[in-house]
Amino acid sequence: MAIFTGLATIGTAIGSFIGGLGVVGSFLLRTAVGVGLNLLAQAIAGKPQKPTFSINGTLQGGGDLPRSFILGRTATAGSLVWANTWGKDGDTPNGYLTQVIALSDLPIKGLIRLWVNNEPVTISSKVDEFGSVVTEYLKDGKPNLWIRFYDGTQTQADGLLVSKASNGNRYWSATRVGRGIAYVVITARVSKNMFSGIPSFKFELDGMRLYDPSKDSTNGGNGSHRQADRSTWGGDGDYLPAVQAYNLLRGLAYDGKWFYGVQGMSAARLPSANWIAAINKCRKPVASAEGMVPQYRSGGEVTIDAALSIALEAINATCQGRIAEIGGIYQMFLGAPEASVIHFDDDDILSTEEQSFTPFFGLADSINGIIATYPSPADGWAVKTAPPIHRTDLEARHGNRRLMASVELAFVSYAEQVQRLMSSALLEGQRARRHTIVLPPRFWAYATPGTIFAWTSKRNGYVNKLMRVDGVADRTNLDVMVDLTEVDPTDYDWDSGKDFKPPVDGTIGSMRPQPQPIIDFSAIPSVSKDANGNDRRPAVLLSWDGDKADVDLVRFELRQTWDLAVIYTGRTEDVGRGSMLIAPFMLQANSQYQVRARYAVYDDYREFIWSDWISVRMLDVRLSELDIYPVGVNELREEVEVQLKWLGNSESYAWDELERLGQLTAEQDAGNFAERRVLREEVTVAVNDVTASYKKAIQVVVNDVGAVVTRIEELEVSVDESIARATSSLQTEINKVGDKVDVNARAITALTTTIDEDVSRVITLMETEINKVDGKVDANSKLITALSTTVDNVSAGINIRSETEVSPGGGRAIHGVQVKIGSGDVWSSSAYWIEVVNGVSSFMVAADRFVVTDSTGTSKQPMVYTEGELTLAIANIGEVTAGIIRSADNKFVIDLAAGSLRISD
């Protein structure tokens, strides 16, 4: 019993030593109970706090350290058990430092996260002889930090410690298993730019597996947990305050030997119904910013030199908990008050006995605000202050004084739970009404600390007011003295969306030199061009932020995606340029590659980090005719197509112009001109089906900006569907608008003969034009002669077209001839054109066969080009540039590109 005298509990042993004290008993009862009902209430009342359990953030050492164990989720720096430098890294002696750090003196479930120099790091799945590799401490693919974790169930010593890490300075025996102790073996390589001094560590742990009576079907619960079988322990109850308190009261042991807590506590002294109700109340899901979570969770490191009462206080603080002992029976009450167990009114109170009433707190016991500290995982488990709660309405009631309570919640690492506890504690702290009364024997069975009574009192204005029993003293006549404090379940109301204030987490960063990343690095497919702007090779355009005065170089690597082989590396010192085109000769068109880059300095005194690999598919730029021909074949092909089209539409262009002149004359007839004169002549003679006609029209049009003279003359004879027609059109035109003058003249003659659908015709167009704009003169002329004959849908044609153009700074003259025959979409043609453009002359031929022979046509050694192959019997050449030279029988081959010679029989 004495162990609980320091507890912030309800009615600690009150019922067994105060009964029968009369008037003095009432005073003693109130003094024993006080207002220190839980840790938060103590803080509200301004009572001094007892030692608490802060996060152990610094590695401890020494032989006098108390043993400890881990409950729930928490963090610790542990205690140093052994350390040694050993081995050789290259030429560096003692290149490795290995430390053995104890985390818990009882087995735990696991290591959740490792923090190195206050930085959360990643323990990779890669394991080598030194342990699991820490990803953040890889340098150029080489590990520099390793960890090996043991949860306390290990049965043999660590192999690295026994073999490699031991030497003449320090020795680790194979018998040092560390049974029951959770520990880590951490090895660090002495590496440039990795560590600034000996690294510090913090370990986020998943604590002990605990017995949960709510999951034991033989103890009032539902499940497979059994107190006598530790292998059945563990689950969500490991994080619940009521489960943790239950296990401390039952006592913790390892390998059958007591370790911490009460010794010899039987299950009968911890009523299952009460404890399971408390456990389920902790487990109850509540809405929070992170979703539905258990209402109360707790976790921390307990040293065995701490009094059990203090450990239970820390756990009680996480859930507004109270532990009551009545006749050797221990019960737990937590959180919001439960429903009342019995009702009474003023008539039930024994008026012959003393009564006392405290209607309000004195100023020294009043509070109107609260502040709390707690370990924050987001801040590297540093102690953090939650947003304080201030009640300005209460400050006004207290004479505009700010009366703050402060509490440390060392076992609560959940920000929203901390704020919920603060809110409910502050509201409960305003419940000042406290009564000490004596009730008759029928209330004796219900009068246990922690239960709730409902009181209706005309004298006090109560209607079913809930009162918590905080203390009990039995009288010899079975009357019972109770100390009651008002409670209100609404004090525990919480709206996460409205009430929770998300904390501002601090920056957690590494103390080691941070590698500098390359900024805005990108890689996109591009092309390497020649001096004339032609695409010649696939390339990659690298880009980065070049505004970095503290770096000297940009390094890059290029690898193949199909085998990840690095095929090209390089660097540039022109960092400020911000981009670079790379076109290594081995790049294949339309193939996928990957590129990465990083900054660098000359003496490599700082760390830089590579960018991610960026995938780039090369453009489909292949070896082209430019690698064989001195001119671009694609450009030649496009030019041939343009010129053939230009020649091919000669006839249609001339006929369109002839039709346009006729249409223009008709429009001028209907036009509104200042002056217009028309002369028309027409003669038609017909005998039976034979008709002959002659038409002539001359039109002169003048207005204030120009003049047009047009003559159209047509001769036609016809017999049935057979027609012979001759048409001639001439036009001269001049227009002047402001500084712009256009002068042109054109003449078109067309001859057509038709029998049924067979047609033969000739059309000739002559046109000249000169324009002057702002003193600049452009002039051009055209001459087109087109012959065409069509019989049975087969057509043959000859187009002869000549044009000249001159403008300031240059000119163009072109003459072409096309001969073609075909039907529908199938045509064969032969053409040539001669052109001079701005001083550059061309002579081009488009034909299936091109032959050069002597003037007599009797040469036996002509030059023939056909089907892409040039044949010449004799050549006198001063210099030859070639790729492959081979004999006609393919037995003698010189591959100049590959530098090889092959001779075969």
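The buried residues of α5 (buried: under 20% relative accessible area, 1.4 Å probe, protein chains only) pack against α4 (241–250), β16 (285–288), β17 (291–294) and β20 (329–333). Helices (H or I, at least four residues) and strands (E, at least two) are DSSP runs, numbered from the N terminus. The model is predicted: local features need pLDDT of at least 70, side-chain atom pairs count only at pLDDT 80 or more, and totals for chains, interfaces and linings use all residues. Residues are numbered from 1 along each chain as its sequence is written, and side-chain values use heavy atoms, with hydrogens and water left out.

**Helix α5**
- Nine of the twelve residues of α5 are buried, so the helix is mostly covered.
- Among the buried residues are Trp-275, Ile-276 and Ile-279, as well as Lys-281 and Arg-283.
- α5 (residues 272–283) spans 16 Å from first to last C-alpha, close to the 16 Å expected at 1.5 Å a residue (1.5 Å times one less than the number of residues).

**Nonpolar cores**
- A nonpolar core is a set of buried Ala, Val, Leu, Ile, Met, Phe, Trp, Tyr and Cys residues joined through side-chain atoms within 4.5 Å.
- The largest such core has 58 residues, and Phe-69, Leu-248, Tyr-260 and Met-332 have the most contacts inside it.
- Apart from it lies another core, of 21 residues, including Leu-542 and Val-616.

**Gln-861**
- Gln-861 is found in the loop between β51 (849–852) and β52 (863–866).
- Leaving aside neighbours within four places in sequence, Gln-861 is in contact (heavy atoms within 4.5 Å) with Ala-873 and Ile-874.

How values were computed
Buried means under 20% relative accessible area, exposed over 50%, partly exposed in between (1.4 Å probe, protein chains only).
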